[in-house]
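Here are my notes after a pass through the model, as numbered points. Have a look at the structure first, then read on.

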Amino acid sequence: MISLLSDFKASVYGKDFLWGVAISAAQNEGAAFTGGRGPSIWDQFANRTGKINGSARPSMACDFYHRYKDDLLLAKALGFKVFRFSISWSRILPEGTGRVNKEGIQFYHKLINEILLLDMIPFVTLYHWDLPQALEKEGGWASHLLVKWFSRVVTVCAEEFGGTVKNWIVLNEPMGFTSLGYLIGKHAPGKTNVSLFLSSVHNACLAQAEGGRILRLLVKNAYIGTSFSCSEVKPFSQKETDLQAANRVDILLNRLFVEPSLGMNYPHDDFPLMDKLHLQVKAWKFTERMHFDFDFIGVQNYFPVTVKYNGIIPYVQATEVKASTRKVATTAMGWEINADSFYNILAKFNAYKGIRSIIVSENGAYFKDELKNGVVNDIQRIHYFQQYLKAMLKAKRNGMKIDGYFAWTLTDNFEWAEGFKARFGLVHIDFETQLRTIKNSGYWWRDFLKD
């Protein structure tokens, strides 16, 4: 194996900087019909013809449920201090509310204890896109009962795991699961309705704050955050119409969830789509309920977005100018590689006075890996990490309050609508045999994280 060292080390970020790796329940656990787990919206969505690339299903995924000890040893061997994972709502509350599944609770106790035994820090995500199907039948994230349902699962997790887990992420990328799930229909539950989208946005804003309050009340010395998907939005030209289009997209991708959490209410800026949200808040005085003083904000960045005005597109009146059209470097997902843009998005969030600390809670890339003679020489991924980590170091040295970085992801996994095609892992998985092979990017991280 070729040693691929960069000219810098993790130590330059400071001894207290949190270096971690992240996974999620729906993408990794598998064991969909094991241990009393109920079906999630992704189990249901994957059964629909044509929704998942290659007709892949998350029923086994990486089989993390049975192989968690091996995967934790891999994370430890690569040098990571933090292990971020999510709790499957339907594994601990199979019907979404009511009865607690003791087998599911016991699984997470064993997982947490193993993380601690390896001298790693567990970071628990309370919701990473896998709503119980039983609740989706009742309206899902668009239901007026959502905050009540979510409060139940947060309370169960806080009471069960709060003694050993002190680090919490309430929601993972709310713009992702609300827009892709209820507006565009590309992800579970596959709805395409603007009213459902706006209701799900409002409920997610309420849920992330209420989840934070429950954790603060029930978990002593809790370190509480929530995570947002973020993309620098750039206008294709300096025409006024393109500038306004970029501002509307920026509201949706970057401001829609963080500003209510900071007590700033929903952004507006002459964007008609936001009028309905403002009416909801005004009618019921929800501004205070959407506000919570998080200890940190998780910033999750993968690519910038360039947009231009398009009057045909309803509501947003903007369309993306693809990276391939602009002939810039991309990952295998077609996402633009731009470390300077990563720096800019960190600066954008750092500028909010109410944000105490930033953790890059996800960042990584999919490239077309090839396993040859037991080796995955993913040099493109190594270069990607080098560029983005150097941009983050520049941000930190310029005074930005960045306290951690979690690589996405430990192993190749079920990548939502992309199925098993899109591989983001530092460890290659043969999904037929479940054989794990550390990629050269994994070895690079091992060397980077060494003291």
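1. The lining of the largest pocket draws at least two residues from each of α8 (174-182), β5 (223-230), α10 (240-255), β7 (296-301), β8 (305-309), β9 (318-320) and α13 (323-326). The largest share, four residues, comes from α8. Keep in mind that this is a predicted model.

2. As for size, the largest pocket has a volume of about 1,500 Å³. It is lined by 49 residues, and Leu180, Ile184, Leu253, Phe303 and Glu320 are the closest to its centre. By type, the lining splits into 28 nonpolar, twelve polar and nine charged residues.

3. The second largest pocket comes in at about 340 Å³. Its lining has 15 residues, with Lys15, Phe17, Trp19, Leu449 and Asp451 closest to the centre.

4. Helix α5 passes a quick geometry check: 16 residues (102-117) at 1.5 Å a residue should span 22 Å, and its end C-alpha atoms are 22 Å apart, so the two agree. After α5 comes Asp119, with a positive phi near 60°.

5. What do the buried residues of α5 pack against? Their partners are α1 (25-28), α3 (64-77), β2 (82-86), α4 (89-92), β3 (121-127) and α7 (146-161). Among these buried residues are Phe107, Tyr108, Leu111 and also Glu114.

6. Asn350, in helix α14 (residues 339-350), counts as buried because its relative accessibility is 17%, under the 20% cut-off. A polar atom of the Asn350 side chain lies 3.0 Å from the backbone nitrogen of Lys401. Leaving out residues up to four places away in sequence, Asn350 touches Ile358, Met400 and Lys401.

Definitions and conventions:
Residues numbered from 1 in each chain as written. Predicted model: local features only at pLDDT ≥ 70, side-chain atom pairs only at ≥ 80, totals over all residues. Heavy atoms only, no water. Expected span 1.5 Å × (residues − 1). Buried < 20%, exposed > 50% of the residue type's maximum accessible area, 1.4 Å probe, protein only. Contact = heavy atoms within 4.5 Å. Polar contact = N/O pair within 3.5 Å; in protein donor to acceptor, adjacent residues only side chain to side chain. 1 Å grid on protein atoms, 1.4 Å probe; cavity = no way out; pocket = protein on both sides within 12 Å on 5 of 7 lines; lining within 4 Å. Points joined across faces, edges and corners; volume = space filled by probe spheres on them. Nonpolar A, V, L, I, M, F, W, Y, C, P; charged D, E, K, R; others polar.
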